[in-house]
Amino acid sequence: MAEATLDQKRMLKAAFLTFFIDMFDVYLPITVLAPAMEHFVPKSLPVSEVSTIYFLIFTATLIGRPVGAFLFGHYSDAIGRKKMGLISISGFSVVTLLLIFIPGFQTLGYITVTLFILLRFIDGIFLGGGYTSIVPLAIENAPKEKRGLWGGIIGSGYPVAFVIISIITLIALKIFPKEGYQVYGWRIIFVIGVLLGVFIVYYIHKLVPESTIWLKVQDRTKSPLKELFSGKNFVSLLQVLLLMLGLWFQIMVVAGTMSIVFIKQLNISPTLTTTVTLVSYLFLIGGYISAGWISQKIGRKTAFIILGLLIGFFTSLLYYLLIAGMYKNMFILFLFSALIVTVSGMAWGIVPSYINERFRTSVRASAYGVGYTLSILIASFYSFYMLALKAIVPYKYTQIVLLVFAGILVVIGAMLGPETKEVNMEQ
């Protein structure tokens, strides 16, 4: 087994840090702004309208990500992974810095909300470029026998970011009084995001080389996106998008509904809900890495099929038992939550290596960015699908239907694709 070189290890660290800061930035409005929304909207505004504005701030970032994936993926294939990674991370660090200085509703009225949504959309564009450039750089240069494991390590940046930002927010809420947090407490957490971005830019600029695989490409295309959306590349992309649609449904259903189920349906306190969620995501870190390692042993395709079946049937059953209130004590509550989050989310640990292995170097960054991101545009409307499904099943069980559907899509998507673990990334 070939030992990774120092440059390869630095590429791995850069990809993990990029994925981490990407998810850290995505979760800033979800976790950090929720307790501070009164600072940006009139206090008399109905809860439904406040929730809508909150949703728009979060969704603006998600919509921007596919735009960034198309834009930065194209240039990552055309002029280099490292250069576009540096531009991307610098970009969303600057935008996050600008967000810190947005005044409250009392100063600018609804212009405050408009600015926040606009800047979060621009932020999403830059975020879409971060993982689109640096992740392909790391995976295509990884030792072949370690690509699966490395993909899992890179992907684990998501749960690590979720855990850390949740802990920071809880500490800030303890330190600052309610009014203080709404005015300036959340801004301090955004400052942490900016500083992390600056550190990662410095690390990549100083220590991470350009992809040697990309530098070797002789037939570099001037239109990577045009090549991606034609011929065999397009067929491969459709297969990846189907697989990813299942995975995006999975993450939207679990991450998007579990806290609400705990608080609203099971009458569990917000503090206990946060604790259970944090513990579950700590287990998910190991789940990502384990899935990547397992896929290196049994193959990406086989691993996806097994995990898809577990998503569709095992975790769906556990979710049903949880919603139905069939847990007997706190230990069972923690166990069910950890199993649902970890087992259903493990497949994401295979994604970084799998998508990059599906495409040749000349279109790899474009394919990874588009393939990873585009399906979110369908899955992000999961709440509306749940409303439609309540005509068939009780509303509180509609997310289970979507979870079963997600597992089926993962299995079908994996079966339609080839095994990739032995792919030569230079060919």
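**Close-up 1. Salt bridges of the predicted model.** The structure holds 11 salt bridges, a salt bridge being a side-chain nitrogen of Lys or Arg within 4 Å of a carboxyl oxygen of Asp or Glu. This is a predicted model, in which local features need pLDDT of at least 70 and side-chain atom pairs count only at pLDDT 80 or more, whereas totals for chains, interfaces and linings use all residues. Residues are numbered from 1 along each chain as its sequence is written, and side-chain values use heavy atoms, with hydrogens and water left out. R120 is bridged to D123, with 3.1 Å between the closest N and O atoms; because R120 and D123 are three residues apart in helix α5, about one helical turn separates them. Both R120 and D123 are buried, where buried means under 20% relative accessible area, exposed means over 50%, and partly exposed lies in between (1.4 Å probe, protein chains only). Helices here are DSSP runs of H or I with at least four residues, and strands are runs of E with at least two, numbered from the N terminus.

**Close-up 2. The salt bridge between R147 and E357.** R147 lies in helix α6 (residues 147–155) and E357 in helix α15 (residues 351–358), so the bridge ties together parts that are 210 residues apart in sequence. R147 and E357 are both buried.

**Close-up 3. A salt-bridge network that includes R81 and D77.** Salt bridges with shared partners join D77, R81, E140 and R364 into one network.

Close-up 4. The model has 24 aromatic pairs, counted where the rings of Phe, Tyr and Trp (its six-membered ring) have centres within 6.5 Å, with planes under 30 degrees apart taken as stacked, over 60 as edge-to-face and the rest as tilted. The rings of Y131 and Y372 have centres 5.0 Å apart and planes at 55°, so this pair is tilted. Y131 belongs to helix α5 (residues 110–140) and Y372 to helix α16 (residues 364–373), and the pair links distant parts of the chain, 241 residues apart. Both Y131 and Y372 are buried. An edge-to-face pair is formed by F249 and F405, at 5.7 Å centre to centre and with 70° between the planes; F249 is in helix α11 (residues 231–265) and F405 in helix α19 (residues 398–416), 156 residues apart. F249 is buried, with a relative accessible area of 3%, whereas F405 is partly exposed, at 39%. One aromatic cluster consists of F19, Y131, W248, W348, Y368 and Y372.

**Close-up 5. F304 in the largest nonpolar core.** A nonpolar core is a set of buried Ala, Val, Leu, Ile, Met, Phe, Trp, Tyr and Cys residues joined through side-chain atoms within 4.5 Å. The largest such core has 126 residues, among which F304 and Y372 touch the most other members, and α11 gives the most to this core, with 16 residues. Leaving aside residues up to four places away in sequence, F304 touches L243, L247, A347, I350, V351, Y354, V410 and A414, contact meaning heavy atoms within 4.5 Å.

**Close-up 6. A nonpolar surface patch that includes I298.** W293, I294, I298 and I306 make a nonpolar surface patch of about 360 Å². Helix α12 (residues 270–298) supplies the largest share of this patch, three residues. I298 lies in helix α12 and counts as partly exposed because its relative accessibility is 39%. Patches are made of residues with over 30% relative accessible area and no salt bridge, joining like charges within 9 Å and nonpolar side chains (Val, Leu, Ile, Met, Phe, Trp, Tyr) within 5 Å; accessible areas come from the Shrake-Rupley method with a 1.4 Å probe, and for residues, only the protein chains shown count as cover.
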